[in-house]
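Hi,

Here is the model I promised to pass on. Have a look at it first, and then read my notes below.

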Amino acid sequence: MSQGTIVVGTSTAQRIRGLEMPWNRVLGTQDQAATAAKALGPWHPQEFLAECVQNIEEAGGLMTFVFRRVDGAPLAFRAGQYLNIAFPVYGEGEEMVDRSYSISSAPTVPWTFNVSIKRDPKGLVSSWAHENLRPGMVLDMLGPVGAFHLGDSDRRARYLFLSAGAGITPIMSMVRTIHTLPGQADVIVLCHGTVPGDFAFWPELEYIASVDPRIEVHYSLGDRDKPKSWKGFAGRLSAKMIEEVAPDANGRKVFACGPEGYLNSAAELLRGLGVDDTSVFMEFFSGDRKTLLEYQKEIVLAESIAEEVAESVEEFYESQPPELVMYEPEYDETGTIEAGGQELVAVAADAPVPPAEPIDEQLPPDTSNFETVGEGTITMSFVRTGINVKINPDQKILGVAQGAGVRIGANCQEGMCGSCKVVKLAGEVNMNHQGGIRAREITAGKFLPCCSTAQTDLIIDA
Ligand code: FES
């Protein structure tokens, strides 16, 4: 061995062949993985609070909000997933408005995470966020959610990313992730936008493409007029355009995100080019009805998983030995030992424990003198309105209540938006919701009358 040669260990160095997420090895290891590293395992959606720590204005009318979890934990997610966020659009203490937004940052930078929101002048939440969401504000979040994401490992990491408009946000998370990881990858990005200079994240995309030979970025202006200085593509997505940027599209995994029309045409073009449907992954960013329903289903599932996770964490902490605290007795001037202002009294170890004070259970309000309207076998009493409404077990509660003059706001009428949420003071309902209410709200006695029928007589706080 020549002098100066350094051999580290005896094992052969392994090259990372494809793309491998950093948590993959931690999760696969037989040894006890470090707790912090395990915490990064993106397995379960959780409900958590996150504080906005920075606002960044992006091109294309987007604003990036940088968050960190209030509990100090890293956010574990997979590149491409989204969060369901409760926005206090109507003010603190009022009903929250839930919306889902993709995470645009990379999970490889997990201590803060970004949500990039495009302002829709007609949109309630996006306008509110642009005007009001500032550093220091804390929001309630649920997630990560969504099956549109990069895999934990991919030995043939050859991708074609297609995006239109704000559909770039989950794609941006994927590009950033790949850029921060070692390993072989071959990424082609094709972004559709309307105005040169208005493509979201383009300065960063340009930079990444200039320093990372694995990543190539193309832009197209769609149907708009092409200025003389424009060097990118023009026109809608076409087979010719796909073939030009990715002649080997058949052989790549395709991730596409954008409006419905764009994705429908992408699916057809890719099929025509021989790309197998199983290699194509899509996400609508502007929700048509079907997509919203799919989102809501995922969120309902995520909520139940989050509840289970929270319970198992509680169980874990409860099973831990109590923290040892040094007892420091206090002395008064006469020398008597006192603890917390109460004299200590010697008690035999087997002395009976006095019974707990009985809890004064709240009785439901008296509704017997309310005016009664309608016909049916079940009585719904609305205590604020002061009315009893008779209803049959198969009738939806909202319509009958509104018909009787009870003021309950409602938008979707399908259990999605949560705008009709009311508190039930007594009785049982059968609710068939689509994500408009959270599990803990149901536990707290709330329900959505638009998608509920009465099982028993009800007393409602409305
Ligand atoms: S009206 Fe939307 S959940 Fe009831």
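To start with a question: is F161 buried or exposed? F161 is buried, with a relative accessible area of 0%. Bear in mind that this is a predicted model, as is everything that follows from it.

F161 sits in strand β9. Its touching partners, once residues up to four places away in sequence are set aside, are L150, I171, M174, V175, I178, V187, I188, V189, L190 and F255. One of these, V189, is 28 residues from F161 along the chain, yet the two C-alpha atoms are separated by 4.6 Å.

Strand β9 covers residues 158-164, and S163 is in there too. With a relative accessible area of 1%, S163 counts as buried. Beyond four places in sequence, S163 is in contact with I168, I171, L190, C191, H192, C257 and Y262.

**The overall picture**

The protein has 10 helices and 24 strands. Of its 462 residues, 42% are buried. Among contacts with a separation of 6 or more, 66% are between residues 24 or more positions apart.

**Helices α4 and α5**

Next, a helix pair. The axes of α4 (residues 168-180) and α5 (residues 202-211) come within 11 Å of each other and cross at roughly 30°. That angle makes α4 roughly parallel to α5. The crossing of α4 past α5 is left-handed. On the α4 side the contact is made by I168, M172, V175, R176 and H179, and on the α5 side by E204, L205, I208 and V211. Sorted by class, the residues of this contact are six nonpolar, one polar and two charged.

Most residues other than glycine have a negative phi, and most peptide bonds are trans. Two spots in the model are worth a look with that in mind. F201 is not a glycine but has a positive phi of about 65°. You'll find F201 in the loop between β10 (186-192) and α5, and at 1% relative accessibility it counts as buried. The other spot is the peptide bond between G143 and P144, which is cis, with omega about 5°. P144 belongs to strand β7 (residues 138-145).

**Around α3**

What do the buried residues of α3 pack against? They pack against β3, β4, β5 (97-102) and β6. The buried residues themselves are V125, S126, S127, W128, A129 and H130.

R119 comes in here as well, from the loop between β6 (113-118) and α3 (124-132). Leaving out residues up to four places away in sequence, R119 touches G61, S126, S127, H130 and E131. The side chains of R119 and E131 are joined by a polar contact of 2.2 Å. R119 and H130 are 11 residues apart in sequence, and their C-alpha atoms are 6.9 Å apart. With 35% relative accessibility, R119 counts as partly exposed.

Is R78 buried or exposed? At 16% relative accessibility, R78 counts as buried, because the cut-off for buried is under 20% relative accessible area. R78 lies in the loop between β3 (62-69) and β4 (82-87), and its side chain makes a polar contact of 2.8 Å with the side chain of D152.

The other one involves S100, in strand β5. S100 is partly exposed, with a relative accessible area of 23%. Its contacts, apart from neighbours within four places in sequence, are Y82, L83, N84 and I299. With N84 there is a side-chain polar contact of 3.2 Å. S100 and N84 are 16 residues apart in sequence, with their C-alpha atoms 4.3 Å apart.

Cheers

Conventions
Residues numbered from 1 in each chain as written. Predicted model: local features only at pLDDT ≥ 70, side-chain atom pairs only at ≥ 80, totals over all residues. Heavy atoms only, no water. Axes fitted to C-alpha atoms, helices over the stretch in contact; angles between N-to-C directions. Helix = DSSP H or I, 4+ residues; strand = E, 2+ residues; numbered from the N terminus. Parallel < 35°, antiparallel > 145°, perpendicular 65-115°, else oblique. Left-handed = near helix turned anticlockwise from the far one by under 90°. Contact = heavy atoms within 4.5 Å. Nonpolar A, V, L, I, M, F, W, Y, C, P; charged D, E, K, R; others polar. Buried < 20%, exposed > 50% of the residue type's maximum accessible area, 1.4 Å probe, protein only. Polar contact = N/O pair within 3.5 Å; in protein donor to acceptor, adjacent residues only side chain to side chain.
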